[in-house]
Amino acid sequence: MKNIITILFASMFAFSVANADYIVGVKGAYVQIDASGTESDKDGTADTSTRTKSVDNDAFIASLYTEYSMDAGYASEGNGFTFGFEYTPGSADVSDKTFKRTDSTTDANETTQDDGERTANAEVENYMNLYLEMPLYSSMYLRAGMAQIDVNTLETNLSTSSGAYGNETLDGLNLGIGFKGVSGNTTWKFAYEQTDFDTLNLNSSTSDKGNKITADLDTQELNFSLGYKF
């Protein structure tokens, strides 16, 4: 990731700059969220089973961005070397449904029983992306960025002895390809992007006898952006 960003950043200053613009804009995107996770006992002594699930969800999101763009002599007008920051307010569910499970134990001691119905889901929010865009040819460009997102677990249960999972912030690698241009002071972009986030590792809030989660989160999107250059 660092090598990609370094190469793109160096390329921004390797060519003569005709002019530079500051741009602010909005982006609308259709996003597919894919996640797969495994829940298991922390030390393997209380429960040797492993529970694995893959889920997905589709969402429409809107983002705000600001950019600093420098024209490249070999590409179309409006397709320059660009350094930008993007923020997506709001949240989206990782799965399009809530999953339920009912646990029942044979332990005669009511205080240690782990019985009850559990529901589980997760949401993502506060997506941020620091990115570089490099023109390829004409209006086509490549994009690489360092992304960050908050993952909030939304589990519930009726068992008094069960713990809960916390929330986590994940870093990720954002890559994309698209087309962009300009008309007057209005800029536009149409692109495909995907983001691969780091592995999520969470432990339940109970003792060492509790559960742990390991999950992988990825997103793919088609988006359209409109901006205004100064």
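From the N terminus on, the elements of the chain follow the order α-β-β-β-β-β-β-β-β-β-β-β-β, that is, one helix and twelve strands. Helices (H or I, at least four residues) and strands (E, at least two) are DSSP runs, numbered from the N terminus. The model is predicted, so that local features need pLDDT of at least 70 and side-chain atom pairs count only at pLDDT 80 or more, whereas totals for chains, interfaces and linings use all residues. Residues are numbered from 1 along each chain as its sequence is written, and side-chain values use heavy atoms, with hydrogens and water left out.

Of the 230 residues in the chain, 41% are buried; buried means under 20% relative accessible area, exposed over 50%, and partly exposed in between (1.4 Å probe, protein chains only). Among contacts (heavy atoms within 4.5 Å) between residues at least 6 apart in sequence, 70% join residues at least 24 apart.

The largest nonpolar core comprises 22 residues, and Val-124, Ile-149 and Leu-217 have the most contacts inside it. Such a core is a set of buried Ala, Val, Leu, Ile, Met, Phe, Trp, Tyr and Cys residues joined through side-chain atoms within 4.5 Å. Two or more residues are given to this core by each of strand 1 (20-41), strand 2, strand 6 (122-137), strand 7 (140-153), strand 11 (200-203) and strand 12 (211-229). Strand 1 gives the most, with four residues. In soluble globular proteins, nonpolar side chains tend to be buried together. Not counting residues up to four places away in sequence, Leu-217 touches residues including Ile-33, Val-124, Ile-149, Leu-170 and Phe-197.

Grid points are joined across faces, edges and corners, and a volume is the space filled by probe spheres set on the points. The second largest pocket holds about 230 Å³. Among its 18 lining residues, Ile-61, Thr-88, Val-124, Tyr-127 and Ile-149 lie nearest the centre. Strand 3 provides the largest share of this lining, five residues. The lining has ten nonpolar, six polar and two charged residues, where Ala, Val, Leu, Ile, Met, Phe, Trp, Tyr, Cys and Pro count as nonpolar, Asp, Glu, Lys and Arg as charged, and the others, Gly among them, as polar.

Two cavities of 30 Å³ or more were counted. The largest cavity has a volume of about 70 Å³, and its lining includes Ile-23, Tyr-65, Gly-78, Lys-180 and Trp-188. Gly-78 is placed in the loop between strand 2 (50-70) and strand 3 (81-93) and touches Asp-71, Lys-180, Gly-181 and Val-182, residues up to four places away in sequence not being counted. The second largest cavity, of about 50 Å³, is lined by three nonpolar, two polar and six charged residues, among them Tyr-65, Glu-86, Arg-143 and Lys-189.

Asn-126 is in strand 6 and is partly exposed, with a relative accessible area of 24%. Ser-138 lies in the loop between strand 6 and strand 7 and is partly exposed, at 30%.

Conventions:
On a 1 Å grid over the protein atoms alone, a cavity is a set of points where a 1.4 Å probe fits but cannot get out, and a pocket is an open set with protein on both sides within 12 Å along at least five of seven lines; lining residues have an atom within 4 Å of a point.
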